[in-house]
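Dear colleague,

Please find the structure below, handed over for your records.

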Amino acid sequence: MDKILNKSETGTTIDTAIVLSSSGVFDLIGGSDDSAVGALTRVGGLTLFQRTVFTLQHAGISQILTLVGQEEQSLRSLLDGDPRLQAVIRWLPIREFPPLDPQTWETMASEIKGSCLILGCHMVFSPSLIESLRDEGREGRAVVAVGRPGESGWTGNPGVVMRADPHTGGHVPRVVFWDWQHDKLERLEEGKDLARVADLVVLPARLLGISGAWSTPETSPIRLALEQAAAEGVVQTLSASAHGYQDARGGGGLHQAEHTLFRSLQSVDGTLDGFIDRYVNRRISRPLSRLFMKLGFSPNTITLLSMVIGLMGAACFAMGSYRWGIIGALLFQFAVIVDCCDGEVARLTFAESRLGQELDLVSDNIVHMAVFAGIAWGTYQDSPAQSGYLPLLLGVMAVVSTGFSLWSVNMVKSLKANALNWRRLRQRYRTRFDFILERVANRDFSVVVLACACFGVLPWFLWLVAAGTGVFALMMAWSLYRVRSFQRS
C-alpha cells in the first residue's frame with residue numbers, strides 16, 4: 001500500500017505523551033512481566049513514574065495523558081506541589097478508560113494534533129531519545145524504538161521482536177512483529193536482523209483506536225495501530241540503545257537501570273571534567289551520590305557540605321606543619337570529590353537550578369580562596385624568619401586574583417545570557433570565553449596540592465597558584481576590556 005499521510009500531521013511538533021502506568025505498551029493484556037517493578041519503583045533517587053514524567057518534560061513534552069490504575073493517588077501525591085513539574089498532567093483512570101478498548105484511544109486521539117508518544121514507565125531513558133523520536137515522527141511516521149539487531153544482553157520488551165523488511169529499501173522499513181510467547185524460538189533466531197522492541201513508540205493520532213478483521217477483544221490497540229502503519233509503509237525504526245535506554249524489569253534490571261543512569265553522567269560531565277575528575281574523582285563520587293540520594297540530601301545541601309569540608313582543610317593548612325598539611329590536602333581532595341556529587345544528584349533527580357549553579361560556583365571559590373590563604377598563613381607560621389612576609393604576599397595575590405576571576409566569570413555569564421549580545425561578539429572572543437569557563441570548572445589542581453603536601457613543598461605551590469591565578473585574572477580583565485571597547489564602538 002502506498003504511504004498515506006494526513007496533511008494535519010505533516011510538520012506538526014509532537015508535544016503530547018501517553019504514559020501507561022500499570023502496564024507496558026506491548027503487554028496491555030497481561031500487565032508487566034515483573035510485578036516487582038512498576039511506576040512506584042525507585043531508581044536513582046526517583047520513582048520510575050517521576051523519572052518518566054521529568055524526562056519527557058525535559059525533552060519538550062508539554063502534555064502528558066496518564067492511563068492510571070489503583071496507584072493513582074500515590075502517583076498524584078508524588079507530583080502535587082513539586083516545583084520541578086511544568087508539563088500538564090491529565091489523569092485517565094483505567095476503570096473509565098480501559099486500555100484495551102479502542103474507544104479509549106479514539107477519545108485520546110481527539111485531544112492530539114498530529115502524533116504522540118506512547119510509553120510505559122518501567123524503564124529509564126535519556127531526553128535525547130525522546131527528542132530523536134519527536135524529530136523522526138514529525139512527518140506523520142510511526143516510529144518504533146528498538147535495540148540493535150542481533151544485540152545480545154539488551155533488555156528491551158521481553159515479548160516483542162521485529163524484523164525489518166529488506167525488500168522495501170530506504171530508511172523507512174516495513175516491519176513484522178513477532179510475539180515471543182506465540183512463536184517458536186527457532187523462528188525468532190532465524191536471522192541476525194531481529195531486534196527487541198523498546199516499550200516506547202510514536203504513532204499518528206489517526207491510527208489510534210483503529211480495528212481490523214484480525215482484531216479480537218483482547219488485541220492491543222497499539223499493536224493494531226503499528227501493524228496498520230507497517231502495512232502502509234510508514235514505520236521508522238530508531239536505536240534506543242544509543243540513548244541510554246534500559247528496561248528495569250527482569251533479573252538484574254533495576255541494577256542495570258541505575259548503572260545506565262550513572263553511566264549517562266559521563267557524557268554530560270566529560271566536556272568540562274579534567275583528567276583527574278574523569279578517571280579518579282568520578283569513580284568515588286558516584287557511590288557517594290547514591291548514598292546522598294538514599295539519605296535524601298538535596299544538591300544544595302551537598303554543595304554546602306563540600307564547602308564545609310574544604311574550609312576544614314583550609315584550617316588544617318593554616319596550622320603550618322607537615323602532618324597538618326597532609327590532613328588539609330586530603331580534606332581538600334575529599335571536598336572536591338563531594339563537589340562532584342551535587343551536580344550528579346541534581347541531574348539524576350532533575351533538581352538543577354540557577355541558584356544551585358551560583359551556589360556551587362561561589363562555594364568553590366570561597367574554598368579555593370580559603371585554601372590559598374591557609375597555605376600562605378601556614379607557610380609563614382612554619383618558617384617566618386626564612387621567608388618573611390613573602391608567603392603572605394603570595395597568598396594575598398592568589399586570593400585577590402581568585403576573587404576578581406569570580407567577578408569576571410559572572411560578567412561573562414551575564415553576557416552569555418543575552419543571546420543577541422553574545423552572537424554579536426567576534427568568534428575569537430566567544431571561543432576564548434568558552435575556554436575560560438571550561439577551565440574554571442576544572443578541579444585537577446587539587447592533586448597538585450596533595451602532591452606538594454606529601455613532598456613537603458607547599459611553599460612552591462604558593463608561587464604556582466599566585467602566578468596562575470594572576471595570569472588568569474589578567475586574561476579575563478583584558479578580554480572583558482576588549483569586549484567593552486568593541487561594544488562601545
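Gly137 is buried, with a relative accessible area of 0%; buried means under 20% relative accessible area, exposed over 50%, and partly exposed in between, with a 1.4 Å probe and protein chains only. This is a predicted model, in which local features need pLDDT of at least 70 and side-chain atom pairs count only at pLDDT 80 or more, while totals for chains, interfaces and linings use all residues. Residues are numbered from 1 along each chain as its sequence is written, and side-chain values use heavy atoms, with hydrogens and water left out.

Gly137 sits in the loop between α4 (127–136) and β8 (142–146); helices (H or I, at least four residues) and strands (E, at least two) are DSSP runs numbered from the N terminus. Setting aside neighbours within four places in sequence, Gly137 contacts Ile14, Ser115, Val143 and Val202, where contact means heavy atoms within 4.5 Å. Gly114 is 23 residues from Gly137 in sequence, and their C-alpha atoms are 9.4 Å apart.

**Nonpolar cores**

The largest nonpolar core has 35 residues, and those with the most contacts inside it are Phe49, Leu56, Leu117, Ile130 and Leu133. Such a core is a set of buried Ala, Val, Leu, Ile, Met, Phe, Trp, Tyr and Cys residues joined through side-chain atoms within 4.5 Å. Helix α1 (residues 48–58) supplies the largest share of this core, four residues. Another core, of 29 residues, lies apart from it and includes Ile112, Val144, Val201 and Ile222.

**Helices α10 and α11**

Helix α10 (residues 322–348) packs against helix α11 (residues 354–382) at an angle of about 175°, with the axes 12 Å apart. The axes are lines fitted to C-alpha atoms, for helices over the stretch in contact, and angles run from 0 to 180 degrees between N-to-C directions. In this contact, Phe332, Asp339 and Asp342 of α10 meet Asp360, Asp364, Val367, His368 and Val371 of α11. Of the 27 residues of α10, 19 are buried. Just after α10, Phe350 takes a positive phi of about 55°.

**Phe297**

Phe297 belongs to the loop between α8 (275–295) and α9 (299–317) and, at 30% relative accessibility, counts as partly exposed. Beyond residues up to four places away in sequence, Phe297 touches Phe292, Ile302, Leu305 and Val345.

Yours sincerely
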